[in-house]
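Visitor: I have a chain on my screen and would like to learn how to read it. Could you take me through it feature by feature?

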Amino acid sequence: QVQLVESGGGLVQPGGSLILSCAASGSIFSIQSMGWYRQAPGKQREMVAIINSGDNTIYADSVKGRFTVSIDNADNMGYLQMNNLKPEDTAVYFCTAVVLSGGTQYKNYWGQGTQVTVSS
C-alpha cells in the first residue's frame, strides 16, 4: 500500500555534495521512522542514517559529521544531505521507512535504490 522512491543519485567528485530524496506515497497516516542504507559492490548492506518522528537521529561512524538525515512530514518526504563525499561513499543508497498506514498496522518498506558514485 506504500511506495518509497529514491532520487538524487549521480556522479560527483570527491569533496562534492548530493541530496538524496525519498518520496513516500500511498496509504500513509504517519511515518514513524526513516532510514538510509547503502550497499557497495561486493559488500553487505549497511546502515547510514536513521531518523524517527521525534527527530532523533543516528549515523554510521563513517558518515557522522558529513551526512544529515531529515524528514518533511507534511510532504511525506525524506532527505539525506551528503557533504564532503568520499570514494568509499560509492554505493546504491536505499530508503526505508516504518509507516503507519490508513489502518493501525506498522509496516516497514524499502525503496528501489539510487546509485551514488564518487570519483575523479
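Guide: Two strands pair if DSSP finds at least two bridges between them. Strands are DSSP runs of E with at least two residues, helices are runs of H or I with at least four, and both are numbered from the N terminus. This is a predicted model, where local features need pLDDT of at least 70, side-chain atom pairs count only at pLDDT 80 or more, and totals for chains, interfaces and linings use all residues. Residues are numbered from 1 along each chain as its sequence is written, and side-chain values use heavy atoms, with hydrogens and water left out.

Visitor: How many bridges join S4 to S5?

Guide: There are 6, and the two strands run antiparallel. S4 covers residues 28–39, and S5 covers residues 46–52. Trp-36 stands opposite Ala-49 in S5. The two strands form a hairpin with 6 residues between them. In that turn, Gly-42 has a positive phi of about 75°.

Visitor: Which strand does S4 pair with over 10 bridges?

Guide: That is S9, again in the antiparallel sense. S9 spans 91–101. To find the pairing on screen, look for Tyr-37, whose bridge partner in S9 is Phe-94.

Visitor: And what does S5 do with S6?

Guide: They run antiparallel, joined by 3 bridges. Ile-50 stands opposite Ile-58 in S6. The hairpin of S5 and S6 has 4 residues between the strands, and Asp-55 there takes a positive phi near 65°.

Visitor: What should I keep in mind about side chains in a strand?

Guide: In a regular strand the side chains alternate between the two faces of the sheet.

Visitor: Which strands pair with S8?

Guide: S3 and S7 both do. S3 (residues 18–26) runs antiparallel to S8 (residues 77–82), with 6 bridges. Ile-19 has Gln-81 as its bridge partner in S8. S7 (residues 67–72) also pairs with S8 in the antiparallel sense, over 6 bridges. There, Phe-67 is bridged to Met-82.

Visitor: Where is Asn-76?

Guide: Asn-76 lies in the loop between S7 and S8. These strands form a hairpin with 4 residues between them, and Asn-76 is in the turn. Its phi is near 55°, a positive value in a residue other than glycine. Asn-84 is another residue to check: its phi is near 50°, also positive in a residue other than glycine. Asn-84 sits in the loop between S8 and S9.

Visitor: What is Arg-66 in contact with?

Guide: Contact means heavy atoms within 4.5 Å. Arg-66 is in the loop between S6 (57–59) and S7. Leaving aside neighbours within four places in sequence, its contacts include Gln-81, Met-82, Asn-84 and Asp-89. Take Gln-81: Arg-66 is 15 residues away in sequence, and the C-alpha atoms are 8.2 Å apart.

Visitor: Now zoom out. What does the secondary structure of the protein chain come to?

Guide: It comes to 0 helices and 11 strands. Of the 120 residues, 42% count as buried. Among contacts between residues at least 6 apart in sequence, 55% join residues at least 24 apart.

Visitor: What is the radius of gyration of the protein chain?

Guide: The radius is taken over C-alpha atoms, and the globule rule is 2.2 Å times the number of residues to the power 0.38. With 120 residues, a compact globule would have a radius near 14 Å; the protein chain has 14 Å, which agrees. Along the principal axes, the C-alpha atoms fill a box of roughly 50 × 25 × 25 Å.

Conventions:
Buried means under 20% relative accessible area, exposed over 50%, partly exposed in between (1.4 Å probe, protein chains only).
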